[in-house]
Amino acid sequence: MRQLRISRVFDAPRALVYRAFTEPEHLAAWWGPIGNTLPPEDIAFDVRTGGYQRWVEINADQPGLRVEVRVELTDVTDGELLEGVMHVGGRLPDGFGPHVTRLRVEFHDEPGGRTRLEIRQWAGDDLVEPARAGWDQAFTKLDASLQKARTWPT
């Protein structure tokens, strides 16, 4: 397995960025490549050490593809850390089979009320570059979602 490392600063406070990862309705607004969607009825979270996050992602170009994602959370520190094992299966795009990766997401305060996200993902050689491209597209959506964060209920 290779380690993918991504560092990105978002113009939003750490608490909001953390909520974007840990609240189903907010994750649904940004997760996955541009155009893909997460049906609300297919999302379930129990965010705690020993808990889980589960969702189904619908492919924008091929709606019959239903990627099923399950993250077994092995370490959670509220507002600071999400770590776990991600299982990906279901009806996947051509060229991708079911796979398992390890994921660590750290949330750090930055000056000016911004947040630095540090992501480490361990994946097979064939998944590292597609994962990087997926994160890049998702972060474009996350930036837009965080701009609307002022309207999120508390």
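I looked up the overall size of the protein chain first: its radius of gyration, taken over C-alpha atoms, is 15 Å, which agrees with the value near 15 Å for a compact globule of 154 residues. The globule rule is 2.2 Å times the number of residues to the power 0.38. The C-alpha trace spans about 45 × 30 × 30 Å along its principal axes.

The model is predicted, with local features needing pLDDT of at least 70, side-chain atom pairs counting only at pLDDT 80 or more, and totals for chains, interfaces and linings using all residues. Residues are numbered from 1 along each chain as its sequence is written, and side-chain values use heavy atoms, with hydrogens and water left out.

Next I listed the elements, as DSSP runs (helices H or I, at least four residues; strands E, at least two). I found three helices and seven strands, in the order β-α-α-β-β-β-β-β-β-α from the N terminus.

I then checked burial (under 20% relative accessible area, 1.4 Å probe, protein chains only): 45% of the 154 residues count as buried. For contacts (heavy atoms within 4.5 Å), I noted that 51% of those with a separation of 6 or more join residues 24 or more positions apart.

Last I took helix H3, residues 125–147. Its 23 residues reach 34 Å from first C-alpha to last, close to the expected 33 Å (1.5 Å times one less than the number of residues). Buried residues of H3 include Leu127, Trp135, Phe139 and Leu142. The buried residues of H3 pack against strands E1 (2–10), E6 (99–110) and E7 (114–123), and against helices H1 (14–22) and H2 (24–30).

Conventions:
Buried means under 20% relative accessible area, exposed over 50%, partly exposed in between (1.4 Å probe, protein chains only).
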